[in-house]
Amino acid sequence: MTPDLFDSDGCTGFVDVWRGIDLHACCLAHDLAWFTHPGDWTVWLASNVELAICFWQVGVVEVAGPAFIAVTTIGAVLFAKWSREKMKRTRLRDGRSDRA
């Protein structure tokens, strides 16, 4: 599923290219995974692991661990905030009350 409103800036808070290696595809897959599953912490954590694996596979081994730590700590705050906002917009769009 490719959501209609999906937009990604690539590697948020980081560079899209490290030592000449393009990381944008790894970051795009990470963003799409959690965008399509707002509020699903299992998918969110799995996407963080997949991001680190992708970095490792493209050859930026030294960034894989720190990236996982960053998206799992700082990213938790952002994911929680974004998920609440996205779910609220979906309820309002679908004509459901914010109060359940």
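**Entry 1, the pocket.** I started with the largest pocket, which holds about 720 Å³ of space. I kept in mind that this is a predicted model.

I then asked what lines the largest pocket, and found 30 residues. Thr12, His30, Asp31, Val71 and Leu78 lie nearest its centre. Helix 1 (24-35), helix 2 (41-58) and helix 3 (61-93) are the elements that each give two or more residues to this lining. Which helix gives the most? I noted helix 3, with 12 residues. By class, I listed the lining as 18 nonpolar, seven polar and five charged residues.

I wanted to check the length of helix 1. Its 12 residues should span 16 Å at 1.5 Å a residue, and because its end C-alpha atoms are 16 Å apart, the two agree.

Next I looked up which residues of helix 1 are buried, and wrote down Cys26, Cys27, His30, Asp31, Trp34 and Phe35. Looking down the helix axis, I saw these buried residues fall within an arc of 160°, so they line one face of helix 1. Two of them, His30 and Asp31, are among the residues that lie nearest the centre of the largest pocket.

I followed the chain into the loop between helix 1 and helix 2, where Thr36 lies. What does the side chain of Thr36 contact? A polar atom of that side chain lies 3.0 Å from the backbone oxygen of Leu32. I also noted a polar contact of 2.9 Å between the side chains of Thr36 and His37.

Note on methods
Residues numbered from 1 in each chain as written. Predicted model: local features only at pLDDT ≥ 70, side-chain atom pairs only at ≥ 80, totals over all residues. Heavy atoms only, no water. 1 Å grid on protein atoms, 1.4 Å probe; cavity = no way out; pocket = protein on both sides within 12 Å on 5 of 7 lines; lining within 4 Å. Points joined across faces, edges and corners; volume = space filled by probe spheres on them. Helix = DSSP H or I, 4+ residues; strand = E, 2+ residues; numbered from the N terminus. Nonpolar A, V, L, I, M, F, W, Y, C, P; charged D, E, K, R; others polar. Polar contact = N/O pair within 3.5 Å; in protein donor to acceptor, adjacent residues only side chain to side chain. Expected span 1.5 Å × (residues − 1). Buried < 20%, exposed > 50% of the residue type's maximum accessible area, 1.4 Å probe, protein only. Arc of directions from axis to C-beta.
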